[in-house]
Amino acid sequence: MDSSPIPQDPQVAVDSEKPQVVEKPVVVPSPVAQEPDTDVPAPGTEFAEFAAGCFWGVELAYQRIHGVVETEVGYTHGITHNPSYEDVCTNTTNHAEVVRVQFDPKECTYQTLLDLFWSRHDPTTLNRQGELLGAQYRSGIYYYTPEQEKLARESLEHQQTKLEKKIVTEILPAKKFYKAEEYHQHYLAKGGMHGNAQSPAKSCKDPIRCYG
Ligand SMILES: C[S@](=O)CC[C@H](N)C(=O)O
């Protein structure tokens with residue numbers, strides 16, 4: 001005779017007195033995140049937006065460019081609305097860390113911004129910059145006008161001729177920009193974690209230390 005225990009119905013095993021643990025989905029996709037960026041730049045300026053790894057160092061590099069009148073760091077091209085830095089760091093929301101630049105096209109060309117973009121990072125490593133891993137560190141150019149798109153694509157082709165490995169930079173229209181927490185804004189210029197302020201002055205050529 002078979003003496004193995006009769007398998008219990010899990011329903012029966014539930015103790016109705018105990019609170020049930022409901023598995024909450026970590027990521028709730030929102031169509032709002034897919035909307036275009038409709039923010040308006042300051043009068044006389046245009047937006048440009050770049051993802052090139054941790055946004056701290058990328059932002060400081062853009063702050064130093066003549067004709068760049070404002071920079072903000074944030075998250076974009078993910079699937080959730082209003083992500084926090086902690087959300088983005090779970091590597092489940094697919095947001096990229098970006099710098100959104102406001103530049104005066106009379107003082108600085110979009111091409112100048114593209115040149116800095118290529119020089120600041122390795123565009124051949126997928127979802128990675130050096131030690132930093134995850135979709136938030138991907139390489140991307142998010143354009144605001146057809147002209148920006150054209151220049152970005154031409155610039156990628158040109159850059160590819162200089163590199164052996166394939167460039168994995170995505171070139172896509174700018175989507176909703178979620179400004180990062182205040183402490184991330186102008187982070188290195190403010191001194192990072194240890195109060196070592198790095199100059200955002202336009203003429204400054206000091207090497208950028210990307211850690212806090
Ligand atoms: C805003 S960044 O992704 C920060 C990157 C890295 N965890 C660091 O602390 O340097």
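**An enclosed helix and the cores of a predicted model**

Good morning. Helices here are DSSP runs of H or I with at least four residues, and strands are E runs of at least two, numbered from the N terminus.

This is a predicted model, in which local features need pLDDT of at least 70 and side-chain atom pairs count only at pLDDT 80 or more, while totals for chains, interfaces and linings use all residues. Residues are numbered from 1 along each chain as its sequence is written, and side-chain values use heavy atoms, leaving out hydrogens and water.

What covers the buried residues of H2? The cover includes strands S1 (46–52), S2 (68–76) and S3 (96–103), together with helices H4 (110–120) and H6 (187–190).

I turn to the cores. A nonpolar core is a set of buried Ala, Val, Leu, Ile, Met, Phe, Trp, Tyr and Cys residues joined through side-chain atoms within 4.5 Å. The largest has 41 residues, and Phe50, Tyr62, Tyr110, Leu113 and Ile141 have the most contacts inside it. Apart from this core lies another of six residues, including Ala51 and Tyr142. Phe50 is in contact (heavy atoms within 4.5 Å) with residues including Tyr62, Val99 and Phe117, not counting those up to four places away in sequence.

Finally, confidence. The protein averages a pLDDT (the predictor's confidence in each residue, from 0 to 100) of 92. Over residues 1–13, however, pLDDT stays under 50. Where pLDDT is low, predicted coordinates should not be read in detail.

Note on methods:
Buried means under 20% relative accessible area, exposed over 50%, partly exposed in between (1.4 Å probe, protein chains only).
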